[in-house]
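Trainee: Before we go through this entry, could we agree to reason from each definition to its result, one question at a time?

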Amino acid sequence: MLKLFRKFKKQDVALILVAIVFVFVTVWAELSMPEYMSEITVLVQTEGSQMSEILSAGGKMLLCAVGSLGASIVVSICASRLSAGFGATLRKELFHQVQTFSMTEIGQFSTASLITRTSNDVMQVQMVIVLGLQMLIKAPITAVWAIIKISNKAWEWTLTTGIAVIILLVVVLICILLAMPKFKKMQQLTDNLNRVTRENLTGLHVVRAYNAENYQKNKFEKANKEMTDTTLFAQRTMAFLMPSVQAVMNGLSLAVYWVGAYLISASVMANKLTLFSDMVVFSQYALMVVMAFMMLVMIFMLLPRALVAAGRINEVLDVKPGIKDGTATDGKNGMEGTIEFQDVSFRYPDADEDMLSHISFKAQKGETVALIGATGCGKSTVINLIPRFYDATDGQVLVDGRNVREYSQKALRDKIGYVSQKATLFTGTIAGNVAYGDNGKETPDRKAIQSAVSTAQATEFVEKMEDTYDGYVAQGGENLSGGQKQRISIARAIARKPEILIFDDSFSALDYKTDRILRKALDETCGDTTRIIVAQRIGTIRDADRIIVLEDGKIAGNRQTRGTDEGM
């Protein structure tokens, strides 16, 4: 938690200081009221007292109450602004940190966990800040100040208050020790619950197609029950605190008055009024001490879960990206558009053996290189090394004659148009999805978007949509068919006008006729662009300049074909 608090900005620190000042004002006003109450008590009991004196003391007491209220409002405003601003800062840093992750780092955390850490975990920290600034600072100040004020009273009352405080501390400590492990588990179970819910929603078609509703229901109920049982245990444990505080508070009031009655009855007549006044004041201060601990109890009920949440946030922020950014922005002269693999091997993290072994080939500018092979042979892994989604374990991957490790990631990816195996679209419009991203050039205008859509053979269905190029695209492109999504993804890559186009089995949802027409259009409009194609269908790659056959992560065949039957 303290590690997170180091991220406070100057304005945050200023808000904290202002809040602390007004906390002192609040405490001073609240602790002054019993003194005026004592004064009123003495005046009422003393013969010859003037009503004006009583009203004056009462007026001062009222001013203290109003001042305490005003100061508390200022503290609440500071706490709210601090919490909201710090929460926004944490979410921003988490988002930016995840953006720097390679696939290796993303694999360390599930998607559900990253979502929970960015939302629920940050909210837990925010709640502690809001209540902490109002109570965690106020409680010890109140307790210490009140104890100082009552320390010069009868030692019997001080002893009674001390015993009450010790009992409270023991109860709080036991409850926290019991609840802390459960609060830690709760955050993990929240991840699991999010994961199960997300899987059910994203796979709803499959769930219904296989009549697996009951299976998913049981799966959710198991995760939900585990979460519920853990939450109940933690909350019941912490719920024991409030009754304990109330019992101690009531017991302390009775003890103060009992001790006071004993002291008054044992004193001489001249001291009885003073002792009675002291008893009234002491009872108020003693209750304030207990109330201070009651406020701490409220914080302690939130603190265990917030500490766990802060630890989980730090886990993400402390991850050092495995892919280090280079500094180069350009390749070597005369090597534009070339890709070369030099004896490249690759092993996934925690894997026992290499996924790729000794891969070597070269693609010249404007060439089309096709990768084909059985499922799981490493085709997608090969192309994932080009934009540095992963780094090669051994060997070198060269783009424009330069090792990809030497490039800044932005500069490298500016050169590449990538179409993933699974077409991914974003909520917005057709034009917004085609013009998506930043490649270091001007954002594609409407003409460039229309040209890219035409090359991708998507003009027909796009222009039939309501609002055509400004037509709405739902999250993940749910309102488009698989083939339509794939063609928009291809148009997005073409619109970047990159040096290199990478197609990771990106023609699989197209019929043979559209596939053939699209590849012909690519030859016409992207003739100078180097193309790497991963495919399962022979028809998709028959016109490639080079075909590489992969088997078990190794090159089983590599031949210059130029589309000849002999090469095939």
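**Burial, salt bridges and a cavity**

Trainee: Does Ile313 count as buried or exposed?

Mentor: The relative accessibility of Ile313 is 0%, to be read against limits of under 20% relative accessible area for buried, over 50% for exposed, and partly exposed in between (1.4 Å probe, protein chains only). Because its value is 0%, Ile313 counts as buried.

Trainee: At which pLDDT do side-chain atom pairs count?

Mentor: Residues are numbered from 1 along each chain as its sequence is written, and side-chain values use heavy atoms, with hydrogens and water left out. This is a predicted model, in which totals for chains, interfaces and linings use all residues, local features need pLDDT of at least 70, and side-chain atom pairs count only at pLDDT 80 or more.

Trainee: How far apart in space are Ile313 and Val122?

Mentor: Ile313 belongs to helix H11 (residues 269-317), where helices (H or I, at least four residues) and strands (E, at least two) are DSSP runs numbered from the N terminus. In sequence, Ile313 and Val122 are 191 residues apart, whereas their C-alpha to C-alpha separation in space is 7.6 Å.

Trainee: How many salt bridges does the count come to?

Mentor: The criterion is a side-chain nitrogen of Lys or Arg within 4 Å of a carboxyl oxygen of Asp or Glu. Under this rule the number of salt bridges is 18.

Trainee: What are the burial classes of Asp400 and Lys415?

Mentor: A salt bridge joins the side chains of Asp400 and Lys415 (3.1 Å, N to O). Asp400 lies in the loop between E4 and strand E5 (402-403), and Lys415 in the loop between helix H13 (409-414) and strand E6 (416-419), so the pair connects parts that are 15 residues apart in sequence. At 2% relative accessibility for Asp400 and 7% for Lys415, the class of each is buried.

Trainee: Which strand gives the most to the lining of the largest cavity?

Mentor: A cavity is a set of points on a 1 Å grid over the protein atoms alone where a 1.4 Å probe fits but cannot get out, its lining residues having an atom within 4 Å of a point; points are joined across faces, edges and corners, and the volume is the space filled by probe spheres set on them. The structure holds one cavity of 30 Å³ or more, and the largest has a volume of about 50 Å³. Its lining includes Leu385, Tyr390, Gln396, Asn403 and Arg405. With three residues, the largest contribution to that lining comes from strand E4 (residues 394-399).

Definitions and conventions
On a 1 Å grid over the protein atoms alone, a cavity is a set of points where a 1.4 Å probe fits but cannot get out, and a pocket is an open set with protein on both sides within 12 Å along at least five of seven lines; lining residues have an atom within 4 Å of a point.
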